[in-house]
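Hi,

Here is the structure I said I'd pass along.

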Amino acid sequence: MVTAADLPRIMGIVNVTPDSFSDGGRWATTEAAIAHGRHLLAQGADILDIGGESTRPGATRPLVSEELDRVIPVIEALSAEGAVLSVDTMRSEVAEASVRAGAAIINDVSGGLADPEILRVVAAHDVDYIAMHWRAHSTHMQDLAVYDGPGGVVAAVCEELAARIADAEAAGVRRDRVIVDPGLGFAKRGTHNWDLLRALPALDELGLPVLIGASRKSFLGALLADDQGSSRPVDGREAANTALTTLVALHGVWGVRVHDVGAASDALRVVAQLRSNPGGS
Ligand SMILES: Nc1nc2ncc(COP(=O)(O)O)nc2c(=O)[nH]1
């Protein structure tokens, strides 16, 4: 019988930012973000990912103080209500304050490259650490979407993630605290994202849980483009996103990072039902 433990965790996104690509500004106030977090929990989120810095291509970075002001009140409030929280940050100061405020997971899109001190924060607090594949900040990350070596983007992402894991372990992070993520849309062009999604077994060879964050990203918009070649708008990408959630769930990923928790929850209930064996035959 399939148990809930066999299904991916649903990580609901709470971007407390004015400028994230798909929901920028909708939850920019503390009150709106807390309310949205509660809504996602009610829809079935296992984890809420609280982010205070937009990472969309071309985004400018907030000050550390601004990022702290955005995420800490939300983490404190939702943690007090028993939510399991990750903080989506590249900064050691924000990671430290977030763990003290109740975050159980550090979700670092830079995998420790932007601020290596974050690895010592993770080790010191012995919390879970999501290391995503990343090559540079949003202002120029797409310039680095070049994977001409043997094995292409899949080999490069696996090699570079292996190096991030090694640095994390060298900083004292326990390997069994690390979750890896191929970083869809980060220094990746359309085909790179699909190549990575077809290569989950290669990512599995790192021997660590895998998180997938398609979250209505532009490679889905491009796939769903109209006859004139115009990308499908963000709010029209959820069905495709949920199809991906279903497929990566069937593969056995650790988690999916989504905006529409309800859709992901429904999809995973279908997966559980189809895998269950009520008759025992
Ligand atoms: N681990 C992880 N974190 C992330 N944080 C932000 C975004 C940007 O997407 P959003 O604007 O939908 O949050 N994508 C990821 C991702 O793919 N993986």
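Helices (H or I, at least four residues) and strands (E, at least two) are DSSP runs, numbered from the N terminus. Keep in mind that this is a predicted model, where local features need pLDDT of at least 70, side-chain atom pairs count only at pLDDT 80 or more, and totals for chains, interfaces and linings use all residues. Numbering starts from 1 along each chain as its sequence is written, and side-chain values use heavy atoms, with hydrogens and water left out.

First, the cavity. On a 1 Å grid over the protein atoms alone, that's a set of points where a 1.4 Å probe fits but cannot get out; lining residues have an atom within 4 Å of a point. The largest cavity has α9 (238-251) and β8 (255-258) each giving at least two residues to its lining, and α9 gives the most, with four residues. Among the lining residues are I212, S215, N241, L244 and R257.

Now the ligand. For polar contacts (pairs of N or O atoms within 3.5 Å), a polar side-chain atom of K217 is 2.7 Å from a ligand oxygen, while H259 has one at 2.8 Å from an oxygen of the ligand. S215, which also lines the largest cavity, has a side-chain N or O atom 2.8 Å from a ligand oxygen.

Cheers

Methods:
1 Å grid on protein atoms, 1.4 Å probe; cavity = no way out; pocket = protein on both sides within 12 Å on 5 of 7 lines; lining within 4 Å. Polar contact = N/O pair within 3.5 Å; in protein donor to acceptor, adjacent residues only side chain to side chain.
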